[in-house]
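Reader: I'm new to this. Could you show me how to read a helix and a pocket in a protein model?

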Amino acid sequence: MATAAPAKTEYEAIIGLETHCQLSTQTKIFSYSSTAFGATPNTNIDPICLGLPGVLPVLNQKVLEYAVKAGLALNCTIAKYSKFDRKQYFYPDLPKNYQISQYDLPIAEHGWLEIELSDKDGKAKRKKIGITRLHMEEDAGKLVHGGSDRLSGSTFSLVDYNRAGVPLIEIVSEPDLRSGEEAAEYAQELRRIVRYLGVSDGNMQEGSLRCDVNISVRPVGQKEFGVKVEIKNMNSFSAIQKAIDYEIERQIEAIEAGEPIFQETRLWEEGAQRTVSMRSKEGSSDYRYFPEPDLPPIEVSADRLSEWTGELPELPAQKRDRYESELGLSSYDARVITDDSSVATFFEATLAAGGTAKLAANWIMGDIAAYLNAEKVKITEIALTPEALAELIQLIEAKTISSKIAKDLLPELLTKGGSPKTLVESKGLTQISDPETLNAMIAEVLAAHPKELEQYRKGKTKLKGFFVGQMMKKTGGRADPKLTNQLLAKQLDG
């Protein structure tokens with residue numbers, strides 16, 4: 001009697017993200033130098049960010065405000081009392097040989113954000129991801145390796161200290177994520193939030209948002225975590241998802257083969273689509289933290305906290321809920337419209353000017369979005385105003401023009417602006433909706449194509465589309481499509 005094969009072990013991934021978010025202040029966290037991206041190397045520097053002898057750091061108050069607002073938006077508890085610490089490590093791009101950060105008393109703790117994914121049936125499902133902490137710190141400089149994009153293989157290295165001292169908030173999630181898809185959505189929602197707040201541009205290509213992933217796998221049902229591996233060097237949301245999915249498979253294969261998994265830092269190689277070992281992972285004791293002696297403790301008063309809380313905008317999740325419940329938009333439409341705060345602002349201004357929600361959403365997500373992508377411009381940079389879009393929608397709803405005419409007018413409105421109503425009148429594009437006029441024109445079209453008419457009446461009914469096209473050609477697209485179809489059907493079958 002054959003014995004049954006042993007059941008295959010199922011594994012689950014345990015994933016947490018550490019996200020460094022560069023704050024959009026004009027000057028650095030402890031000094032007066034500019035934070036502008038793209039400057040000539042080593043020009044946005046000063047004695048404080050270089051750690052020269054005899055200088056003292058002074059906290060940029062805007063950094064504290066932005067950190068607190070980010071903490072509030074992530075449902076964190078804001079510390080009434082926190083402090084800065086020195087994190088010791090030695091690397092050429094760290095001029096002081098220590099980083100001013102926060103360790104045991106961060107500015108914000110114990111928060112959460114909610115992500116939204118689609119299940120197998122396409123229905124939205126939501127999941128809360130815990131936020132362990134949010135703290136302030138200064139960025140390090142940047143090494144540029146000659147002959148290779150990493151230290152290994154390079155022939156020389158250059159250091160640019162422009163980024164040294166740029167203000168960061170580090171947001172550490174709980175290990176609540178279970179897949180690359182969840183992690184990518186978490187990172188995207190985090191970026192939406194900081195952009196809505198105006199505290200960061202969240203530009204991953206410029207390093208304004210950098211995510212490090214901590215990941216381990218374990219058999220389903222096991223309480224103990226597996227060996228944790230950190231992945232760095234991911235500059236897009238798709239890279240985050242791909243790197244995690246790759247690493248899950250790598251770790252499962254290693255466990256199945258009886259090979260050890262080491263606690264280490266790995267890099268994501270985009271070209272090879274794989275993770276590679278970089279170094280063994282340091283523990284917190286390796287950094288020899290101690291309180292920063294040159295900065296006083298931070299106290300956030302109740303009045304200041306109340307003031308900053310009152311300045312928070314409506315956040316993406318709140319907008320999505322409102323668009324669905326009050327405006328009747330689908331979950332998908334609400335997500336697309338709220339992804340960019342400037343697009344949401346344009347959409348709401350269109351509604352305020354008299355446009356209907358569904359049509360406004362369709363135009364913004366369709367033809368307008370296509371133009372923005374093709375021209376690589378933002379919605380704030382086009383000539384079309386929300387008021388003009390609302391007017392265009394009203395012309396369609398009043399059957400003054402057809403949707404086709406509106407699409408024909410859009411390129412000019414996007415590039416030159418102006419009033420759609422004035423444009424329609426000047427071009428003589430008013431929709432033809434008079435039945436008598438349309439019937440007369442249909443009769444002319446049928447008379448001009450006796451062969452096609454005979455074929456239609458012998459059963460080749462697909463030719464109806466041909467006659468519709470002829471009507472649109474004859475009227476320059478001005479014929480009311482619905483009414484034309486109805487009247488044409490009567491004459492064709494009469």
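This is a predicted model: local features need pLDDT of at least 70, side-chain atom pairs count only at pLDDT 80 or more; totals for chains, interfaces and linings use all residues.

Reader: Okay, helix 15 to start with. How far apart are its end C-alpha atoms?

Author: They're 18 Å apart, and that agrees with what you'd expect, because 13 residues (481-493) at 1.5 Å a residue should span 18 Å.

Reader: Which residues of helix 15 are buried?

Author: Here's the general idea: an α-helix has 3.6 residues a turn, so residues three or four places apart point the same way. In helix 15, the buried ones are Leu483, Thr484, Leu487, Leu488 and Leu492. Look down the axis of helix 15 and these buried residues fall within an arc of 155°, so they line one face of the helix. On the other side, Lys482, Lys490 and Asp493 are exposed.

Reader: And what covers the buried residues of helix 15?

Author: The cover includes helix 12 (435-448), helix 13 (450-457) and helix 14 (464-475).

Reader: Now the pocket. How do you find empty space at all?

Author: You roll a probe the size of a water molecule over the atoms, and that shows where empty space is left. Here, the second largest pocket holds about 820 Å³ of space.

Reader: Which residues lie nearest the centre of the second largest pocket?

Author: Out of 25 lining residues, those are Arg195, Asp340, Ser342, Val343 and Lys378. Sort the whole lining by class and you get nine nonpolar, seven polar and nine charged residues.

Reader: Which helix gives the largest share of that lining?

Author: That's helix 8, with six residues. Helix 2 (180-197), helix 7 (341-352) and helix 8 (357-375) each supply at least two.

Note on methods
Residues are numbered from 1 along each chain as its sequence is written. Side-chain values use heavy atoms; hydrogens and water are left out. On a 1 Å grid over the protein atoms alone, a cavity is a set of points where a 1.4 Å probe fits but cannot get out, and a pocket is an open set with protein on both sides within 12 Å along at least five of seven lines; lining residues have an atom within 4 Å of a point. Grid points are joined across faces, edges and corners, and a volume is the space filled by probe spheres set on the points. Helices (H or I, at least four residues) and strands (E, at least two) are DSSP runs, numbered from the N terminus. Ala, Val, Leu, Ile, Met, Phe, Trp, Tyr, Cys and Pro count as nonpolar, Asp, Glu, Lys and Arg as charged, and the others, Gly among them, as polar. The expected span of a helix is 1.5 Å times one less than its number of residues. Buried means under 20% relative accessible area, exposed over 50%, partly exposed in between (1.4 Å probe, protein chains only). The arc is that of the directions from the helix axis to the C-beta atoms. Contact means heavy atoms within 4.5 Å.
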